[in-house]
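Open the model in your viewer and keep the selection panel at hand. This tour goes stop by stop, saying what to select and what is there.

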Amino acid sequence: MPAQSMDQLVALCKRRGFIFQTNEIYGGLQGLYDYGPLGVELKENLKKSWWTKMVYSRDDVEGLDAAILTNKKVLKYSGHEDTFTDPLVDCKDCNNRMREDHIKDSKCLHCGSSNLTEPRPFNLMFKTNIGPVSDDDSYAYLRPETAQQIFTNFKNVVDATSKTIPFGIAQIGKAFRNEITPRNFIFRVREFEQMELEFFVKKGNDEEWHKYWVEERINWWVEQGIEKDNIEVLNVPQEELSHYSKATVDLMYKFPHGVEELEGIANRTDFDLGSHSKNQDELDIDAKINKNKESNARLAVQDIETKAWEVPYVIEPSAGVDRGVLAILNESYKEETLENGKKRVVLAIKPHLAPIKAAIIPIKKNDSTIVDFSKDVKDGLQKLGLGRIVLENTGNIGKSYRKHDEIGTPVCITIDFDTLNDRTVTVRNRDTMEQQRVDVQDLKDLLKDLLLQ
Ligand code: ATP
């Protein structure tokens with residue numbers, strides 16, 4: 001059973017060092033969070049798992065890591081300057097601001113008043129000045145999605161890799177949105193990370209590829225430990241589609257605060273590549289787009305037989321890293337009552353995502369022979385490159401087990417006085433709490449089996 005409330009997760013994250021409110025010592029900054037020692041490991045492991053699946057396991061996807069600051073022309077032609085807005089309303093009684101689509105029965109979310117302003121569009125993009133002169137024209141945007149930098153690099157990647165459609169470009173990185181009401185911990189924040197794939201296909205094959213990617217993405221989330229029953233597949237109604245989308249499927253997850261979007265998989269048609277292309281009249285483009293007089297590239301591919309230039313369609317699975325972290329924490333948080341009546345909190349997280357892969361615990365913290373032996377075991381296992389291994393030299397085995405259950409460490413390895421004689425150690429399994437005596441030289445295989453399964 002997942003966590004009962006967001007409060008449980010927030011408390012665990014702070015107590016154990018997964019996630020902190022940013023600039024807390026100055027009162028924080030709304031909608032921004034920092035990842036602590038364990039959070040950074042979990043987040044990196046999630047991103048690594050996505051990259052392995054989306055790039056390494058395929059031969060039809062290439063990676064990219066593009067700039068965050070974005071030329072304003074990109075976001076003009078992509079349609080974001082005109083349409084990347086949320087409807088904003090003010091409460092005339094308590095002066096709070098909120099998204100019109102978040103309120104119920106036309107009542108203020110804060111004081112319940114119906115005395116609200118008419119909704120007006122609020123652009124979510126952050127602007128910043130570039131260079132020493134700060135005039136009206138010298139601004140750029142912090143990208144609101146990583147996708148646009150993939151589209152503007154389309155020709156570079158095709159030229160450099162000789163890829164032909166269908167193929168994709170994957171990117172993980174920061175995106176920024178000036179959300180009107182950031183809330184629900186790391187669910188809706190102003191600075192977040194996205195894992196995005198833009199998969200370019202021939203027009204006409206787009207619907208089939210869209211279905212394919214929805215299935216692939218659900219399967220990947222299940223591999224990360226999310227129960228399939230906790231994911232709802234939502235076909236976004238036509239009237240709610242983004243300006244570029246022909247069809248979008250949202251994967252909705254049961255977060256502690258409600259069922260909300262974890263990932264969106266959109267059929268963006270030829271809208272983006274078409275919008276960023278020069279000489280659009282020479283291209284056969286379906287989507288309604290801006291006339292582009294500023295781009296110097298034709299973002300199209302040539303049909304091998306007819307030699308005609310075609311603008312590919314694109315299917316985009318776009319997942320939030322932060323929402324992924326929240327879903328995984330929620331899914332793996334468990335409170336159990338043990339036979340002796342005591343409670344234990346355990347983060348039953350998949351081993352490949354666990355922030356710490358194994359804790360090495362010397363039975364006595366001041367015994368230099370045992371501690372040195374433990375350090376050697378740690379170093380040997382660390383060299384496997386499977387993730388972080390820690391030396392837990394507190395001298396308190398029970399306390400160490402409790403801590404590592406709570407932060408999801410799959411195994412604890414205790415070094416005791418017998419170890420020095422027979423070179424065996426006690427390996428305790430997080431989920432079953434079973435302990436077995438294992439030869440030191442078998443630890444590497446044991447850990448590999450656990451983490452590479
Ligand atoms: P929402 O409707 O919840 O505002 P969205 O439809 O605007 O989300 P997309 O533009 O489809 O979101 O972005 C792709 C993914 O990026 C989302 O599925 C989500 O995981 C993540 N994401 C978007 N906005 C935020 C945010 N403010 N904070 C954290 N993650 C976000």
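Start where two domains meet: eight residues of domain 1 are in contact with 12 residues of domain 2, contact meaning heavy atoms within 4.5 Å. This is a predicted model, in which local features need pLDDT of at least 70 and side-chain atom pairs count only at pLDDT 80 or more, while totals for chains, interfaces and linings use all residues. Residues are numbered from 1 along each chain as its sequence is written, and side-chain values use heavy atoms, with hydrogens and water left out.

To colour the domains, select 1-68 + 143-270 + 314-336 for domain 1, 278-311 for domain 2 and 354-451 for domain 3. These bounds come from an automatic or database domain assignment. Taken over C-alpha atoms, the centres of domain 1 and domain 2 are 29 Å apart.

How much area do domain 1 and domain 2 bury between them? About 850 Å², with 55% of it on carbon and sulfur atoms. Buried area here is the accessible area (1.4 Å probe) that two parts lose on being put together, summed over both. Now select Phe 154, Lys 203 and Asp 270: in domain 1 they lose the most area to domain 2, together 57% of what that side buries.

Next, look for charges. Domain 1 and domain 2 share four salt bridges, each a side-chain nitrogen of Lys or Arg within 4 Å of a carboxyl oxygen of Asp or Glu. Select Lys 202 and Asp 303, a salt bridge whose closest N and O atoms are 3.3 Å apart.

Move to Asn 292, in the loop between helix H8 (271-275) and strand E15 (301-302). Helices (H or I, at least four residues) and strands (E, at least two) are DSSP runs, numbered from the N terminus. Is Asn 292 buried or exposed? Its relative accessibility is 11%, so Asn 292 counts as buried; the cut-offs are under 20% for buried, over 50% for exposed and partly exposed in between (1.4 Å probe, protein chains only). A polar atom of the Asn 292 side chain lies 2.9 Å from the backbone nitrogen of Glu 294. Beyond four places in sequence, the contacts of Asn 292 include Tyr 77 and His 276.

Last stop: the largest nonpolar core, with 61 residues. Such a core is a set of buried Ala, Val, Leu, Ile, Met, Phe, Trp, Tyr and Cys residues joined through side-chain atoms within 4.5 Å. Select Phe 18, Ile 19, Met 195, Trp 221, Val 325 and Leu 329, which touch the most other members. Domain 1 and domain 3 each give this core at least three residues.

Methods
A polar contact is a pair of N or O atoms within 3.5 Å; within protein, one must be able to donate a hydrogen and the other to accept it, and residues adjacent in sequence count only if both atoms are side-chain atoms.
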